[in-house]
Amino acid sequence: MDSEYAIETQDLTKIYRAPWTGREVRAIDSISLRVSRGTIFGLLGPNGAGKTTFVKTLLSAVRQTRGSALIFGRNASDPAARRPIGYLPENHRFPTYFTGAGMLDFYASLSSVPAAERKKLIPKHLEMVGLSQWGAMRIGKYSKGMLQRLGLAQALIHSPSILILDEPTDGVDPVGRREIREILTRFESQGVTIFINSHLLAEVEAFCREIAILHKGKVALTGKTQELTAGKGYRLTATRPSDALTSELGAKATSTVVRDGLVDFQFPSRDLVNSALDLLRAQHCEIESLVPTTSTLEEVFVRTVEAKVDK
Amino acid sequence: MVTLALIRDTFREALARKIFWVLFGLSTLMILFFLFLLKIDIVAGATATVSLFGRQTRGNPDIARVVRGVYGGIATFLYTFGMFLAVFASAGLVPSVLEPGRIELLLSKPISRTHLLLGRYAGNVLVISLNSIYLVLGVWIILGVKTGIWSPVFLIAIATTTFIFAVLLAVVVLVGVVLESAAAATMITVALMIISPILAQTSMMMRLLSSEWSRNVWRTLYYVFPKVYELGHMTLDAIQNDTFAGYTPIWTSAGFGIAVLGAALLVFQRRDF
């Protein structure tokens, strides 16, 4: 556990080959990513981007074709490297013959938590996820949200240093989501690294300090959430000016979209939007609207994915 | 601790399946049968009467022969119907672990894949061996108390039944890992059980087969495949006649089991989930 990174991948590639045709599919392609210790990291991407394959490679459930994956500096294929990992899979299928407490006991023993400690930890973790009344009940009777919370308790019971959570709030009601966020925030304050794979962009934006967007198996964008979503500015919509003025303003704008006789300019500052207004009015263009904007993670996500599609 | 957890998990899953209760229930029925329905009266160390369902047998049977006959019957039941039920019951225990959403979580734990699969294998063997112990020991004690004959050779049925089940379970595990299908695992393993008595007719087939090539093929198949039939026969001979045929069926079957289990581990190591 000497590495300064909780997760470090280098040129990580997984190629699936069809058995008969030999056709290759690159599920993940040369992914080099670093997740610092103690951060909350969000992995985003459209369906089929390779997020789950990436997570499974970290857990050694999928063997990489090329490259390396390290957990706290240890090769992910070494079982000992998985000791500090707490994992909650997407679409988990916990055996229904377990009771809630029995399931926690089983998974904690697989992480070599001693029996005496398990006895203390199980009620504590059931209580933490709001299931203390349900510990003796078979999990076949649990709702989806309860299973998700039990899964989270399972991921936390052996005091992991890194949590890898695949859609952690899937199927959980809004109150439950907030509770899960609170639990995770508590663990973050204790220095636990949290790696979240989620489709819920608003949740990732509110919760994750850093993000990476995967697209078609490659890292399309990575950075600090705050910096990526700092794109504040103004959207100016006007009737279309001359081509020369459109080009002139387009050079100053961060984006220009022409549609149905109108043109949308996105300007990063008030000065620029004011000078654009002057020029447009001088050409007798009519102003349709002027709106202050903030860049959301959703916009960053869509822009990134669409830019990759265009290329 | 981890091995114990894996074994306990296999036990839990087995107990959650009705088929294991059927197996246990049949063993209990047999024990109850000998406890209540087989009545043996012994006068001055010799059999006076033996009655079944309240009806007395004719003549004055040799009690030692009766007891050995019962032992043989139990051993035959274990080797045929019992083994089939055990394979049928166990066939789903490996594919269930490989289900998406379950295997990833198991693989995320700090245990090797070999440990994971062998833990499940050991748990499964233990479930079936406990059932054998329950049935054989139960009948042995009841008959011992009723007749005063304590023939320990019958207990060998526990070891041989467990051994041949362990060999057949290796096939179940390999098919389970490759095809993830309980039905295919059952079919292939039962097919091995069925061809065993056919392959055992080696001396007759050596006379019947015309070419050296076909005789070699037959011999190879005979030595490669597990000898369920011979092992059953050996157990019966040992129980009823105190004779022992030799070790070849044991070590060739063990070799088959180890090779197949090794192949299962290799496939499991290399698979993506």
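This is a predicted model: local features need pLDDT of at least 70, side-chain atom pairs count only at pLDDT 80 or more; totals for chains, interfaces and linings use all residues.
Figure 1. Of the contacts in chain A with a separation of 6 or more, 69% are accounted for by residues 24 or more positions apart. The C-alpha trace of chain A spans about 80 × 50 × 40 Å along its principal axes, and the chain holds ten helices and 14 strands. Among the 311 residues of chain A, buried residues make up 41%.

**Figure 2. The open sheet of six strands in chain A.** The strand order in this sheet of chain A is 6-7-8-3-9-10, and the pairing is mixed. Strand 6 and strand 10 (218–224) of chain A are the edge strands, each of them pairing on one side only, while neighbouring strands of the sheet are turned against each other by 15° on average, direction ignored. Within the sheet, strand 3 (residues 40–44) and strand 9 (residues 210–215) of chain A pair in the parallel sense over four bridges, and A:Gly42 stands opposite A:Ile211, the latter in strand 9 of chain A. Helix 1 (residues 51–58) of chain A packs on this sheet, where it touches strand 3, strand 7, strand 8 (193–197) and strand 9 of chain A, and its direction makes about 145° with that of strand 7 of chain A. Helix 4 of chain A also packs on the sheet, touching strand 6 and strand 7 of chain A, with a direction that makes about 165° with that of strand 6 of chain A.

**Figure 3. Helix 4 of chain A and what covers its buried residues.** Helix 4 of chain A comprises residues 144–156, and at 1.5 Å a residue its 13 residues should span 18 Å; the end C-alpha atoms are 19 Å apart, which agrees with that expectation. The helix is mostly covered, with eleven of its 13 residues buried. Among the buried residues of helix 4 of chain A are A:Met146, A:Leu147, A:Leu150, A:Leu152 and A:Leu156, and they also include A:Gln148, A:Arg149 and A:Gln154. The cover over the buried residues of this helix includes strand 6 (85–88) and strand 7 (162–166) of chain A, together with helix 2 (100–110), helix 3 (115–128) and helix 5 (174–189) of chain A.

**Figure 4. The open sheet of four strands in chain A.** In this sheet of chain A the strands follow the order 2-1-4-5, and the pairing is antiparallel. Its edge strands are strand 2 (24–36) and strand 5 (74–75) of chain A, each of which pairs on one side only. Strand 1 (residues 5–17) of chain A pairs with strand 2 of chain A in the antiparallel sense over nine bridges, and A:Ile15 stands opposite A:Arg26 in strand 2 of chain A. Helix 1 of chain A packs on this sheet, touching strand 1, strand 2 and strand 4 (66–71) of chain A, and its direction makes about 65° with that of strand 2 of chain A.

**Figure 5. Contacts between chain B and chain A.** In chain B, 21 residues are in contact with 23 residues of chain A. Helix 1 (2–15) and helix 5 (103–107) of chain B each supply at least two residues of the side of chain B that touches chain A, and helix 1 of chain B gives the most to that side, with five residues. By class, the side of chain B that touches chain A has ten nonpolar, eight charged and three polar residues.

**Figure 6. Nonpolar cores of the model.** The largest nonpolar core has 142 residues, and those with the most contacts inside it are A:Phe195, B:Val172, B:Val173 and B:Ala264. Helix 7 (residues 156–179) of chain B gives the most to this core, with 15 residues. When its neighbours within four places in sequence are left aside, B:Ala264 is in contact with B:Leu117, B:Ala170, B:Val173, B:Leu174 and B:Val177. A second, separate core has eleven residues, including A:Leu236, A:Leu249, A:Ala253 and A:Phe265.

Figure 7. Leaving aside its neighbours within four places in sequence, B:Trp218 is in contact with B:Thr202, B:Met205 and B:Leu209. B:Ala200 is 18 residues from B:Trp218 in sequence, and the two are 10.0 Å apart in space, C-alpha to C-alpha.

Note on methods
Residues are numbered from 1 along each chain as its sequence is written. Chains are lettered from A and ligands numbered from 1 in the order in which they are written. The expected span of a helix is 1.5 Å times one less than its number of residues. A residue is buried if 20 or more other C-beta atoms lie within 10 Å of its own, exposed if 12 or fewer, and partly exposed in between; C-beta atoms are placed from the backbone. Two residues are in contact if their C-beta atoms, placed from the backbone, lie within 7 Å. Ala, Val, Leu, Ile, Met, Phe, Trp, Tyr, Cys and Pro count as nonpolar, Asp, Glu, Lys and Arg as charged, and the others, Gly among them, as polar. Two strands pair if DSSP finds at least two bridges between them. Axes are lines fitted to C-alpha atoms, for helices over the stretch in contact, and angles run from 0 to 180 degrees between N-to-C directions. A nonpolar core is a set of buried Ala, Val, Leu, Ile, Met, Phe, Trp, Tyr and Cys residues joined through C-beta atoms within 7 Å.
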